[in-house]
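Hi everyone, thanks for coming. Today I'd like to walk you through a structure that may be new to you, so let's bring it up on the screen.

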Amino acid sequence: ETAQARIQRRIRRLIDNLQRAEESPDRLYALNELSKLRPLTEEMISAITDALKDLDAEVRGSAAEQLGRIGIEARVAVPALTTALKDSNTRVSTSAVQALGQIGVTAVPALVGALKEGSQVGALCMAFMEIGPEAIPALVGGLEDGDPGIRINCAMAMSLMRAQAKAAVPALVLALKDSHPGVRAIAALALGRMGAEAKEAEPA
C-alpha cells in the first residue's frame, strides 16, 4: 500500500466518523484531525461544513473555527456559515462571524446582511476589520438604507476600521447631514478616527 493510499484511507475514515459516530467527542476528534490534513479537498471541506449542522454545539463551533482557519479555500461554506450566524449557541454564532471575516471578501454580503439584522455588531465589526478595504463598498451602501439603525451599524463598522475605511470618507461626510442624530454622531466619530485623510475631505 502506498503512502498516498494510506492517507486517502485515513481521510475516508475521519469523514465517516465525523458524519456517523454516535458520541460527540468522537465526531469532534474526527473534525479536528481532518482539519489538520493538507491539501484539503472539496470533499474534506464539505464534510467540515456539514458539521455546522451537528447536534452538539461544541462540534458546530469547532467546525466554524476550522473553516475560518482554512480561509479563502472555504468560501463554498459561506451559505452554511451565514445560516450558523443565527445559531442559538453564542460560541457557534460568534465563531461563524469570525470565520466569514477570515474567508474574506466573498463573505461581505453575508456579513452586511447580518449587520442589518442588528445582532453581534461588535463581532461583525471585527470581521470587517479582518477583511479590510474590500468591505467598504458594501458598508457605504448601507449608509443609504432606510433604517437608521442599519446606517448607524455600518458607520460604526467603518469607524472601527479607521484608515482602512478612507475610501468611505465622501459618504461619511454626506452622512454628517443625515436626518438621524445617531448616524450623524457615528459618522463624525468615524471621520475623526480616520485622521488626515478625512480632514482633507470635510467641508470647511
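This is a predicted model: local features need pLDDT of at least 70, side-chain atom pairs count only at pLDDT 80 or more; totals for chains, interfaces and linings use all residues.

Let's begin with helix α3, which covers residues 42–50. Which of its residues are buried? They are Met44, Ile45, Ala47, Ile48 and Thr49. And what do those buried residues pack against? Four helices, as you can see if you turn the model: α1 (3–20), α2 (24–36), α4 and α5 (78–84).

Let me pick out one of those partners, α2. The axes of α2 and α3 come within 10 Å, and they cross at roughly 145 degrees. The crossing of α2 past α3 is left-handed. On the α2 side, the residues that meet α3 are Leu31, Leu34 and Ser35, and their counterparts in α3 are Met44, Ala47 and Ile48. What kinds of residues make up this contact? There are 5 nonpolar ones, 1 polar and no charged.

In soluble globular proteins, nonpolar side chains tend to be buried together. Here, the largest nonpolar core has 68 residues, and Leu81 and Leu172 have the most contacts inside it. Take Leu172: leaving out residues up to four places away in sequence, Leu172 touches Leu143, Ala155, Met158, Ala187, Ala190, Leu191 and Met194.

Now for the two single residues. First up is Ser159, which sits in helix α10, residues 148–161. Is Ser159 buried or exposed? The relative accessible area of Ser159 is 0%, and the cut-off for buried is under 20%, so Ser159 counts as buried. Beyond its neighbours within four places in sequence, Ser159 is in contact with Leu189, Ala190 and Arg193.

Our other residue is Gly61, in helix α4, residues 57–70. Gly61 is buried because its relative accessibility is 0%. Setting aside residues up to four places away in sequence, Gly61 touches Arg91, Val92 and Ser95. How far is Gly61 from Ala155? Their C-alpha atoms are separated by 29 Å, and the two residues are 94 residues apart along the chain.

Methods. Residues are numbered from 1 along each chain as its sequence is written. Side-chain values use heavy atoms; hydrogens and water are left out. Helices (H or I, at least four residues) and strands (E, at least two) are DSSP runs, numbered from the N terminus. Buried means under 20% relative accessible area, exposed over 50%, partly exposed in between (1.4 Å probe, protein chains only). Contact means heavy atoms within 4.5 Å. A nonpolar core is a set of buried Ala, Val, Leu, Ile, Met, Phe, Trp, Tyr and Cys residues joined through side-chain atoms within 4.5 Å. Axes are lines fitted to C-alpha atoms, for helices over the stretch in contact, and angles run from 0 to 180 degrees between N-to-C directions. A crossing is left-handed if the near helix is turned anticlockwise from the far one by less than a right angle, and right-handed if clockwise. Ala, Val, Leu, Ile, Met, Phe, Trp, Tyr, Cys and Pro count as nonpolar, Asp, Glu, Lys and Arg as charged, and the others, Gly among them, as polar.
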